[in-house]
Amino acid sequence: MSEFAQVSRRLAGAAETTAANRSWWDAEAADYYAEHGRFLGDADFVWGPEGWRESELRLLGEVAGRRVLEIGAGAGQCSRWLVTQGASVVATDLSGGMLRTALTLNQRVSDPRAAIPLLQCDGTVLPFGEGSFDTVFTAYGAVPFVADSAGLMREAARVLRPGGRFVFSTTHPFRWAFPDDPDSGGLTVTMSYFDRTPYVEADSDGEATYVEHHRTIGDRVREIAAAGLVLVDLVEPEWPERNTETWGGWSPLRGGLFPGTAIFVCERSA
Ligand SMILES: C[S@@+](CC[C@H](N)C(=O)[O-])C[C@H]1O[C@@H](n2cnc3c(N)ncnc32)[C@H](O)[C@@H]1O
């Protein structure tokens, strides 16, 4: 968030949301990596600010020999770890800036398998045929940054083979009602959990520069079902004692009291 941004709750459609968020992630890519790159590792798979890894949670199931698509891959750390586990991956992202960081990491990693294929595309319009992948996932990418998250679920389901798995982590919907403050200021409800009006930052002309969309837990379950997916688990990772780091509004204080991340584990109906 820029300190000069005007912050409001107002409607923001798909085109406005996509344009704003593409520019925002392009501009923030270097700073984001500088701030969070060490925590994420260059070839590691972390599901969220709690610091739980796929190597511990195993939410994707078997990945060796599987065709895996990552949506909103950022610098591609998760995909890079997956190839070291024997998966065949494609890492995609809306932002060319984020993918440029991914390319830099590709050139830096010593394991040649970890130079992953990168593709720029919007998660709501995936340039792949039906049933192209065994597994689709996103770790905090895309889901809150699109106006039509139901459409994103449909796209994920479309490119999955029957019986394939779609797993996504995102900010826990419960957090919407609280200010984005890692300290005690973030422990008091200040707005309605039920208010789906998007969070919009805008420049001095009122042009959106960053947009987040909120859905309740019930909304997410209905989006998943409408896409022809079956929800097999909803993981609310607890804050581990080993993690003493604050990431934006996520902190040991808040993490010890209520969930900060929700991980939805879904399968395409066979
Ligand atoms: C919080 S980062 C998560 C990336 C990575 N998993 C990480 O932890 O660094 C969110 C990512 O979602 C991407 N993103 C935003 N909107 C998107 C969209 N419509 N389609 C695909 N990716 C999108 C952003 O460009 C950004 O790279």
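Predicted model: local features only at pLDDT ≥ 70, side-chain atom pairs only at ≥ 80, totals over all residues.
Contact here means heavy atoms within 4.5 Å, and helices (H or I, at least four residues) and strands (E, at least two) are DSSP runs numbered from the N terminus.

Residues are numbered from 1 along each chain as its sequence is written, and side-chain values use heavy atoms, leaving out hydrogens and water.

Back to helix 3, residues 77–84. Of its 8 residues, 7 are buried, so the rest of the structure largely encloses it. Buried is under 20% relative accessible area, exposed is over 50%, and partly exposed is in between, with a 1.4 Å probe and protein chains only. The buried ones are Gln 77, Cys 78, Ser 79, Arg 80, Trp 81, Leu 82 and Val 83. Just after the helix, Gly 86 has a positive phi of about 95°.

Now, what about helix 5: how many of its 11 residues are buried? It's 8, so this helix too is largely enclosed by the rest of the structure. Ser 149, Gly 151, Leu 152 and Met 153 are among them. The cover includes strand 2 (67–70), strand 5, strand 6, helix 6, strand 9 (229–235) and strand 10.

Let's look at helix 6 in that list. Helix 5 (149–159) and helix 6 (217–226) pack at about 35°, axes 8 Å apart; the axes are lines fitted to C-alpha atoms over the stretch in contact, and angles run from 0 to 180 degrees between N-to-C directions. On the helix 5 side the contact uses Ser 149, Ala 150 and Met 153, and on the helix 6 side Arg 220, Glu 223 and Ile 224.

On to the rings. Rings of Phe, Tyr and Trp (its six-membered ring) pair if their centres lie within 6.5 Å; planes under 30 degrees apart are stacked, over 60 edge-to-face, the rest tilted. That rule gives 20 aromatic pairs. Take Trp 25 and Phe 145, an edge-to-face pair at 5.5 Å centre to centre with 75° between the planes. Trp 25 is in helix 1 (14–40) and Phe 145 in the loop between strand 5 (133–139) and helix 5, so the pair ties together parts 120 residues apart in sequence. Both Trp 25 and Phe 145 are buried.

Then there's Phe 174 with Phe 258, edge-to-face at 5.5 Å and 75°. Phe 174 counts as partly exposed, at 36% relative accessibility, and Phe 258 as buried, at 11%.

Ring pairs also link a cluster that includes Trp 24, Trp 25, Phe 39 and Phe 145.

Two arginines to point out. A charge sits over a ring if NZ of Lys or CZ of Arg is within 6 Å of the ring centre and within 35 degrees of the ring normal. Arg 9 does that with Trp 176, 4.8 Å from the ring centre, and Arg 242 lies over the face of Trp 52, at 4.8 Å from the centre.

Last stop, Gly 48, in the loop between helix 1 and helix 2 (54–57). Gly 48 is buried, with 9% relative accessible area. Beyond its neighbours within four places in sequence, Gly 48 contacts Phe 39 and Tyr 140. Its C-alpha is 6.8 Å from that of Thr 261, 213 residues apart along the chain.
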